[in-house]
Amino acid sequence: MDLSWMAWTWQTALFFSLIFLTLVGMGVWSIKAPQAPRLGILRIETTPGDRLFISLLGSAFICLGWLAAFGSPLWWAVLICLVYAFAVFRWV
Amino acid sequence: MNKTWNNKAWWMVLPVVLLVAFSAVIPLMTVVNYSVQDTFGNNQFFWAGLQWFEEIVNSERFHAALGRQFIFSAVILAIEIPLGILIAMNMPKKGWAVPVCLVLMSLPLLIPWNVVGTIWQIFGRVDIGLLGAAANKLGIDYNYTRDIGDAWFTVVIMDVWHWTSLVALLCYAGLQSIPEAYYQAARIDGASGWAVFRYIQLPKMRGVLLIAVLLRFMDSFMIYTEPFVVTGGGPGNATTFLSIDLVKMAIGQFDLGPAAAFSLVYFLIILLLSWVFYTVMTNLDKQGR
């Protein structure tokens, strides 16, 4: 099947593969070790799935903010995103 | 007793998964893919990296459209929500007037967006429009094609005209669900009209009000057709909201890469705000406040 007209790039493929793998990983994790929703520092009830969503959405804004302030490349922003995601999973 | 575990029913979900993938997920992925490339037509694409995102987050044009969008949503919410509550509280509670009132209130909601735009485009015209001509005959200098204030006035009033009914009907449903006993108790206690509103009606309407705010916010944040038909985004760029600007960029200028980056940032903002609204809504419900 010729999909060249869709102009896919390996970078976007890698990006979506990572997100897909994260979702699968979270799915497996929730089956192996089910977790009840909990109240974190935001005083809202979150499941691990909610925390992943907050991490991904927040990371997108961190990257946009980095681009606005410093421009590319985004390596430092990615590092901040990882720290942010860790904090979300730990405390939110 | 042993339960039989059979998860074959999950295969029944497969058609809808494929349908959503085909109509929503893959198109969204395509937009992400375009946002890191550039094209000059002929289906030839060149790698651009994060260039378009950098341009969008630093673009005066984007900031201005975003600012106008927030102002528009804030203004119509500030008008439609209190007005909707006021109308709902004054609607008849029983008798023949109820269905008449409900039908009349529903009429604006049944009119398609582009027709609403056309109605107001003609209504506001200085030469043949009832509003425009009447205002000018009365000595009011009203012209939405020339004056920024008049253009905003027209677009805001049009949205209020189109959507206040929705807020009113939702609030009316909330009010109708309050048992008469609450009012009787309030009368016995000698509660004032304001106290009845503040401590009985408003808390009972909270659920429907949050839905009304969420619906009106999201709809107004994505508004395209009505202002496009009435003002075309003008005069100048005065009523160019995000979606109008996006369409200009994607279809008018055929800048697929920048437009894709623009729509992703737009999408992220809507996603964030909807998440905040949704979270606040569900958590308030859980706390029963």
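Contact here means heavy atoms within 4.5 Å. The model is predicted. In it, Ser243(B) belongs to helix α11 of chain B, which covers residues 242-252. Apart from neighbours within four places in sequence, Ser243(B) touches Gln69(B), Met222(B), Ile223(B), Tyr224(B) and Tyr266(B).

Is Ser243(B) buried or exposed? Its relative accessible area is 9%, so Ser243(B) counts as buried, the cut-off being under 20%.

## Packing of α3(B) and α9(B)

Helix α3 (residues 60-90) and helix α9 (residues 193-221), both of chain B, pack with their axes 10 Å apart and at an angle of about 145°. The crossing of α3(B) past α9(B) is right-handed.

On the α3(B) side, the residues making the contact include Gln69(B), Phe70(B), Ile76(B), Leu77(B) and Ile81(B). The α9(B) side contributes, among others, Phe197(B), Met205(B), Leu209(B), Arg216(B) and Phe221(B). By type, the residues of this contact are 15 nonpolar, four polar and two charged. Gln69(B), one of the α3(B) residues in this contact, is also a contact of Ser243(B).

## Nonpolar cores

The largest nonpolar core comprises 59 residues. Phe53(B), Phe62(B), Ile81(B), Met205(B), Phe221(B), Leu242(B) and Phe262(B) have the most contacts inside it. Of these, Ile81(B), Met205(B) and Phe221(B) also take part in the contact of α3(B) with α9(B).

Beyond its neighbours within four places in sequence, Phe262(B) is in contact with Ile56(B), Phe62(B), Leu242(B), Asp245(B), Leu246(B) and Met249(B). Another core, of 16 residues, lies apart from the largest one; Ala135(B), Tyr142(B), Val155(B) and Val230(B) are among its members.

How values were computed:
Residues are numbered from 1 along each chain as its sequence is written. Chains are lettered from A and ligands numbered from 1 in the order in which they are written. This is a predicted model: local features need pLDDT of at least 70, side-chain atom pairs count only at pLDDT 80 or more; totals for chains, interfaces and linings use all residues. Side-chain values use heavy atoms; hydrogens and water are left out. Helices (H or I, at least four residues) and strands (E, at least two) are DSSP runs, numbered from the N terminus. Buried means under 20% relative accessible area, exposed over 50%, partly exposed in between (1.4 Å probe, protein chains only). Axes are lines fitted to C-alpha atoms, for helices over the stretch in contact, and angles run from 0 to 180 degrees between N-to-C directions. A crossing is left-handed if the near helix is turned anticlockwise from the far one by less than a right angle, and right-handed if clockwise. Ala, Val, Leu, Ile, Met, Phe, Trp, Tyr, Cys and Pro count as nonpolar, Asp, Glu, Lys and Arg as charged, and the others, Gly among them, as polar. A nonpolar core is a set of buried Ala, Val, Leu, Ile, Met, Phe, Trp, Tyr and Cys residues joined through side-chain atoms within 4.5 Å.
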